[in-house]
Structure formats: structure tokens, C-alpha cells
Amino acid sequence: YDAIRTGTGESQYSGGVEIGTSGSGSSFSLTDAARGGHSTYDLKHGTSGKGTLFTDADDKWGDGTNNDAATAGVDAAYGAQVTWDYYKSVHGRSGINGDGKGAYSRVHYGNDYVNAFWDDSCFCMTYGDGEGNAKPLTSIDVAAHEMSHGVTSATANLVYSGESGGLNEATSDIFGTSVEFYAKNTKDVGDYLIGEQIDINGDGSPLRYMDKPSKDGNSLDAWKTGAGNVDVHYSSGIANHFFYLLSEGSGKKTINGVDYDSPTSDGSTVTGIGRDKAEQIWFKALTTYFTSNTDYAAARTGTLSAAKDLYGADSAEYKGVAAAWAGVNVS
Ligand code: ASN
Ligand code: ZN
Ligand code: CA
């Protein structure tokens with residue numbers, strides 16, 4: 001790549017940001033030379049091919065609105081950058097594959113496309129522009145969710161159906177939220193809600209809730225017989241709820257101005273061990289103990305093994321893992 005640069009961007013969801021770029025003189029591109037060359041492309045409402053690499057003459061990108069096509073590029077690039085930094089600094093993992101190589105992102109996919117997705121075959125992420133092409137799905141938790149699908153593919157490779165599919169989805173929500181907390185940018189301070197910025201329901205409500213997943217009308221709060229027959233975006237609720245309980249504990253809590261109320265399925269009280277430790281336990285379980293067919297019972301034993309490795313079998317962390325799984329009816 002050309003020289004490592006840090007450009008400035010006006011994002012839609014994260015305010016003014018510094019973004020990794022490359023180039024010199026009056027020719028810059030949205031290629032993050034400092035993070036494996038991760039690049040961001042403009043599909044210009046097409047649905048195939050790689051698209052056109054974003055370029056710019058002054059290394060100042062986007063205007064914070066959809067009037068400038070580069071704005072969605074800024075959000076996508078920033079999301080990928082913070083996700084890269086999170087995995088590197090918190091988990092010691094260099095890039096999605098752990099090999100220091102960047103992936104790429106494509107924005108402005110199709111028209112009125114209300115989704116975003118990771119694709120193993122291109123090793124890339126794609127973002128629609130949402131309803132009326134007005135709400136690109138490029139908020140940081142969504143970007144980190146999609147990129148984390150790549151990490152899951154490269155590690156446990158959880159099959160995307162049945163209970164393993166729910167664990168695959170939950171892993172993306174868990175790290176999507178973790179990256180959002182890690183980013184600590186001024187517009188998006190971190191929460192246990194998924195997609196709260198993209199207004200996907202048109203009424204300001206988020207796509208998913210980790211403290212009480214059933215608040216979305218579909219997700220499971222706790223394991224039950226047949227959980228493996230539920231859509232993976234809803235059976236994920238069991239592990240999302242586990243992660244919330246392990247991090248923050250049961251009951252009422254206000255974090256960064258957001259009110260949560262997390263019940264347990266058995267009425268027990270769970271004491272949280274903090275998000276940082278919960279993240280370490282989930283990452284170690286994902287990369288060490290989970291396999292493609294891990295189900296909820298195996299996720300319990302895998303996270304207990306991870307907690308034992310990290311903190312010891314007599315630790316509060318190990319007991320917290322057991323208590324949080326009991327709180328979502330996994331034993
Ligand atoms: N945005 C969705 C997800 O990452 C796309 C899908 O259903 N695979 O889960
Ligand atoms: Zn997903
Ligand atoms: Ca969020």
C-alpha cells in the first residue's frame with residue numbers, strides 16, 4: 001500500500017472520527033494501511049462485484065449525512081478499524097483470520113436493503129442503506145457483529161443452524177457490543193442493545209436486547225426444548241442473556257444512561273463479574289473449546305473450562321459462569 005495515513009471522517013453514527021487511510025499528495029484511498037490493508041468499496045447501489053474503492057483528494061471523508069456517498073464508507077471503515085483494534089488489544093488477535101491481513105467492506109448495496117452481512121467466500125462485509133436508502137446499516141455494533149462472523153468462521157466455525165447457529169449469532173452480538181463499549185466514541189458510548197442507532201423498526205427501538213432478549217417479541221430469554229428449531233437470530237437470546245447476566249448480574253441496573261432489567265429463568269440472583277472478564281471467557285471458549293457442533297450444554301462446559309483456565313476452579317468468575325447459565329436454564 002501507499003504510505004500509512006490517518007484521515008479525518010464525518011461519520012453518520014459515531015461523529016467526527018480519525019480513520020486509517022493510505023496515499024499521499026492529492027490522492028488518498030480508504031485503504032487502512034495500518035490494519036492489514038482493510039479497504040472500503042462503494043457498490044453505488046449495485047449488488048455484485050467488489051465495487052469502486054473510495055478515493056479522495058484531501059483525506060477528509062464524508063459529511064455525516066447521506067448527501068455524501070463517502071459517509072457510509074466512513075462508518076464502515078471506522079467500524080472495521082475499531083473492531084480490528086479491539087481484537088488486537090483485548091484478545092491479542094491480529095485481524096479476522098489472526099494472520100494480520102485485512103478484509104474489505106462494501107457499502108451502498110442495492111436499494112432499500114435493510115440488512116448487512118458477512119460472506120466467508122469473499123472474506124468481506126456488505127452493508128445495505130436501509131429503508132429509503134436513508135439509514136445505512138453501518139453502526140458500530142452492526143459492523144462489529146458482521147466482522148465477528150468472520151472470526152467465528154476462522155475459529156470454532158459454529159454451524160449456522162440449530163443451537164450452534166444461535167451460539168454463532170450470539171458470539172457476533174457479544175463482540176458487537178464489546179466493540180461498541182471499547183470504542184467509547186462521543187455519539188455511541190456503549191450499551192447492551194444491538195442496532196439501536198439504525199432505527200430498523202422505525203420507532204427508535206433496537207433490533208435486540210441482551211438483558212431481556214424477549215423484549216424484541218421473538219428472542220428466547222432461556223433455553224427450552226426445541227430451542228434448536230428457532231431462528232438463529234432468536235435462539236441467540238439464550239447466550240446473549242447469559243453474557244449480560246455474567247457481566248452485569250441480574251435485576252435492575254443503569255449503564256451509560258440506559259436502564260436494564262434482567263430476570264433469571266429460575267428466579268435466582270446472579271452477581272456480575274464485569275464485562276471485561278466475561279469477554280475473556282467467551283473469547284477463550286470460542287477459540288479453544290467450541291467446535292462446529294457445540295450446543296448450549298457444550299457451551300456451558302466450554303465456558304466453565306475457559307473460566308477455570310483463566311481464573312481457577314475456585315474463583316468467583318468460575319462460579320459466576322455456572323450461575324449465569326443456571327439463570328438461562330442451561331445446566
Ligand atoms: N445481518 C444478518 C446477520 O449477520 C445477516 C444474516 O442473517 N446472516 O446475522
Ligand atoms: Zn449475524
Ligand atoms: Ca449497541
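In the predicted model, the domain assignment divides the protein chain into domain 1, spanning residues 4-154, and domain 2, spanning residues 162-326. The centres of the two domains, taken over C-alpha atoms, are separated by 26 Å. Contact between them involves 22 residues of domain 1 and 25 residues of domain 2. On the domain 1 side of this contact, helices α1 and α2 each supply at least two residues, and α2 gives the most, with 8 residues. By residue class, the side of domain 1 that touches domain 2 comprises 10 nonpolar, 10 polar and 2 charged residues.

The largest nonpolar core has 87 residues, and I238, F242 and F243 are those with the most contacts inside it. Helix α1 (residues 70-91) provides the largest share of this core, amounting to 11 residues. Because both domain 1 (4-154) and domain 2 (162-326) give residues to the core, it lies between them. In soluble globular proteins, nonpolar side chains tend to be buried together. When residues up to four places away in sequence are not counted, I238 touches G166, L220, A222, W223, A227, Y296, V328 and V330.

Helix α3, which covers residues 162-183, consists of 22 residues. From its first C-alpha to its last, α3 reaches 32 Å, close to the 32 Å expected at 1.5 Å a residue. Of the 22 residues of α3, 20 are buried, so the helix is largely enclosed by the rest of the structure. A residue counts as buried here if 20 or more other C-beta atoms lie within 10 Å of its own. Just after α3, K184 adopts a positive phi of about 45°.

The shell around ligand 1 is formed by N115, A116, F117, H145, E146, H149, E169 and H233. Two secondary-structure elements, strand β10 (116-119) and helix α2 (140-154), each supply at least two residues of this shell. Helix α2 gives the most, with 3 residues. The shell around ligand 1 divides into 2 nonpolar, 4 polar and 2 charged residues.

Definitions and conventions:
Residues are numbered from 1 along each chain as its sequence is written. Chains are lettered from A and ligands numbered from 1 in the order in which they are written. This is a predicted model: local features need pLDDT of at least 70, side-chain atom pairs count only at pLDDT 80 or more; totals for chains, interfaces and linings use all residues. A nonpolar core is a set of buried Ala, Val, Leu, Ile, Met, Phe, Trp, Tyr and Cys residues joined through C-beta atoms within 7 Å. A residue is buried if 20 or more other C-beta atoms lie within 10 Å of its own, exposed if 12 or fewer, and partly exposed in between; C-beta atoms are placed from the backbone. Helices (H or I, at least four residues) and strands (E, at least two) are DSSP runs, numbered from the N terminus. Domain bounds come from an automatic or database domain assignment. Two residues are in contact if their C-beta atoms, placed from the backbone, lie within 7 Å. A residue is near a molecule or strand if its C-beta atom, placed from the backbone, lies within 6 Å of it. Ala, Val, Leu, Ile, Met, Phe, Trp, Tyr, Cys and Pro count as nonpolar, Asp, Glu, Lys and Arg as charged, and the others, Gly among them, as polar. The expected span of a helix is 1.5 Å times one less than its number of residues.
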